[in-house]
Amino acid sequence: MKSHARVCTLTPWIICALGALYYCYEYFLRISPSVMLHDLMKAYDLTGGEVGSLSAFYYHAYVPMQIVVGLLMDRYGPRRLLAMACLCCAIGTYLFAGSHSIAIAELGRFFVGFGSAFAFVGALKLATIWLPPNRFALISGIITSLGMIGAMVGDIMLRNLVDVLGWKPTTYMSAGVGVMLAVAIWLIVRDINPSPVYANYQAQRLYFRSLLKGLWGALRNPQIWFNGMLGFLLYLSLSVFAELWGIPYLEQARGLSSIHAADANAMVFLGWAIGGPCWGWFSDFIERRCLPIVIASIGALIVVCILFYIPHLSFSALPILLFLFGFLSSVQVLVFAICREVTHFRIAGTAIALTNMFVMFGGNLFQPVIGKLLDMAWSGTMVDGTRVYSIFAYQAALSVIPIGILLAIVFTYFVRETHGEIQMDGREH
């Protein structure tokens with residue numbers, strides 16, 4: 001009996017861990033172009049703007065899919081969707097590795113983005129079904145941490161593998177991992193929680209008409225828009241910097257080697273990995289959402305200004321600043337707790353996906369924009385067939401990030417404080 005109870009107790013965590021592991025895997029795939037940036041520029045003869053556009057094909061699929069993903073999660077549950085989405089990521093990665101033209105590489109990135117669109121929303125949907133609601137902010141932080149671990153593995157291990165094996169064999173290996181993970185999700189994950197707390201919710205099948213009505217209500221709620229913009233602006237630390245332009249900035253503007261730049265850039269993800277659960281726990285503990293966001297955003301603004309605009313920073317100072325930048329920016333995880341608390345429990349997947357669409361729009365918009373800004377400021381320097389940009393070019397292009405954080409502080413004052421209370425009935429706050 002004790003053994004059976006232990007299994008039952010562990011089951012929710014195993015299921016949610018698989019969802020989080022898929023998010024970790026897709027994040028690994030998401031950031032892979034930043035590690036292979038010079039290889040891709042050389043293989044396809046790309047400029048900064050063009051490599052930014054190639055990377056952004058991920059977001060071209062990811063961002064618009066978010067509304068659809070939310071509806072599908074609330075209608076059909078996460079198990080089948082996550083398994084098929086993971087397989088889609090593996091197929092896209094295989095296409096990307098096997099490409100001999102930029103068009104096929106772009107199609108592969110599009111497939112990866114399509115499959116990845118289900119990952120974070122699916123992981124949070126599993127948490128909504130299987131784990132205690134009063135710890136949702138903490139759980140959101142833990143899931144985000146696993147994504148950051150995937151990014152750190154990408155920055156450090158992937159860079160080493162690319163140097164040893166080449167970018168194509170390494171990418172083929174990544175596709176194989178996706179196939180194995182898809183099978184594990186299909187065999188283990190379940191959509192129904194037998195707990196009496198969720199019995200009434202799961203007994204009533206949700207139809208698209210009611211889901212669309214809930215989506216329309218969410219879109220009419222200004223709090224969803226303010227909260228989504230807040231998440232979008234704070235996430236620029238990842239979607240614009242750490243996921244693509246951080247490594248070349250550290251190499252070209254700060255003089256680090258490719259290995260040291262990848263290691264230093266990974267500190268941003270480490271900061272997010274540690275900071276996400278910390279801010280989630282702190283927010284749950286004080287039962288406040290907006291206050292931690294304001295405090296952390298002010299700190300992140302100070303750190304990023306030092307990182308970008310103070311010349312002659314020592315090599316030992318850079319990893320510390322990058323870690324602090326990630327740690328403080330990770331307060332962004334609280335926007336998912338807020339979105340869940342300003343919408344009804346039964347459409348949690350739709351609300352989370354809508355918020356995630358706002359958040360991810362930053363990469364879709366600014367990854368290619370920053371590449372084009374860098375091209376505009378390019379002095380004509382080439383090294384080993386790729387463009388090299390000056391520190392002044394990077395400072396001008398990456399100014400998007402501190403401006404975004406400053407705007408995030410402003411938007412915080414338009415977001416209603418929820419005090420951690422969720423809606424289990426149909427009433428609005």
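In this briefing a residue is called buried if its relative accessible area is under 20%, exposed if over 50%, and partly exposed in between, with a 1.4 Å probe and protein chains only. By that rule H312, at 80% relative accessibility, counts as exposed. The structure is a predicted model, in which local features need pLDDT of at least 70 and side-chain atom pairs count only at pLDDT 80 or more, while totals for chains, interfaces and linings use all residues. Residues are numbered from 1 along each chain as its sequence is written, and side-chain values use heavy atoms, with hydrogens and water left out.

**Overall build**

- The chain contains 19 helices and two strands, where helices (H or I, at least four residues) and strands (E, at least two) are DSSP runs numbered from the N terminus.
- The chain has 429 residues, and 59% of them count as buried.
- Contact means heavy atoms within 4.5 Å, and among contacts between residues at least 6 apart in sequence, 85% join residues at least 24 apart.

**Salt bridges**

- Side chains of opposite charge can pair when their charged atoms come close.
- A search of the whole structure finds five salt bridges, each defined as a side-chain nitrogen of Lys or Arg within 4 Å of a carboxyl oxygen of Asp or Glu.
- One of them joins R30 and E26 at 2.6 Å, N to O, and these two residues lie four residues apart in helix α1, about one turn of the helix.
- Another joins E243 and R30 at 3.2 Å, N to O, and this pair links distant parts of the chain, since E243 is in helix α12 and R30 is in helix α1, 213 residues apart.
- E26, R30 and E243 are thus linked in a network of salt bridges; E26 is buried at 0% relative accessibility, R30 is buried at 2%, and E243 is buried at 1%.
- E341 and R289 also meet in a salt bridge, at 2.5 Å, N to O, which links E341 in helix α16 (residues 334–341) with R289 in the loop between α13 and α14, 52 residues apart; both residues are buried.

**Aromatic rings and charges over them**

- The whole structure holds 25 aromatic pairs, where rings of Phe, Tyr and Trp (its six-membered ring) pair if their centres lie within 6.5 Å, and planes under 30 degrees apart count as stacked, over 60 as edge-to-face and the rest as tilted.
- In the pair of F241 and F308, the ring centres are 5.7 Å apart and the planes stand at 50 degrees, so the pair is tilted.
- Because F241 lies in helix α12 (residues 236–252) and F308 in helix α14 (residues 290–309), the pair ties together parts that are 67 residues apart in sequence.
- F241 is buried, with a relative accessible area of 0%, and F308 is likewise buried, at 1%.
- The rings of W279 and F282 have centres 6.3 Å apart and planes at 75 degrees, so this pair is edge-to-face; both residues lie in helix α13 (residues 258–286), three residues apart.
- W279 counts as buried at 11% relative accessibility, whereas F282, at 31%, counts as partly exposed.
- One aromatic cluster is formed by F241, Y249, F308, Y309, F325, Y389 and Y394.
- R30 lies over the face of Y27, at 4.0 Å from the ring centre, and the charged end of R79 sits over the ring of W186, 4.1 Å from its centre; the rule is that NZ of Lys or CZ of Arg is within 6 Å of the ring centre and within 35 degrees of the ring normal.

**A buried leucine**

- L238 is found in helix α12 and is buried, with a relative accessible area of 0%.
- Leaving aside residues up to four places away in sequence, L238 touches Y27, M148, E243, V268, F269 and W272.

**Loop residues**

- H312, in the loop between α14 and α15 (317–329), has a positive phi of about 60 degrees although it is not a glycine.
- E287, in the loop between α13 and α14, has a positive phi of about 55 degrees and is not a glycine either.
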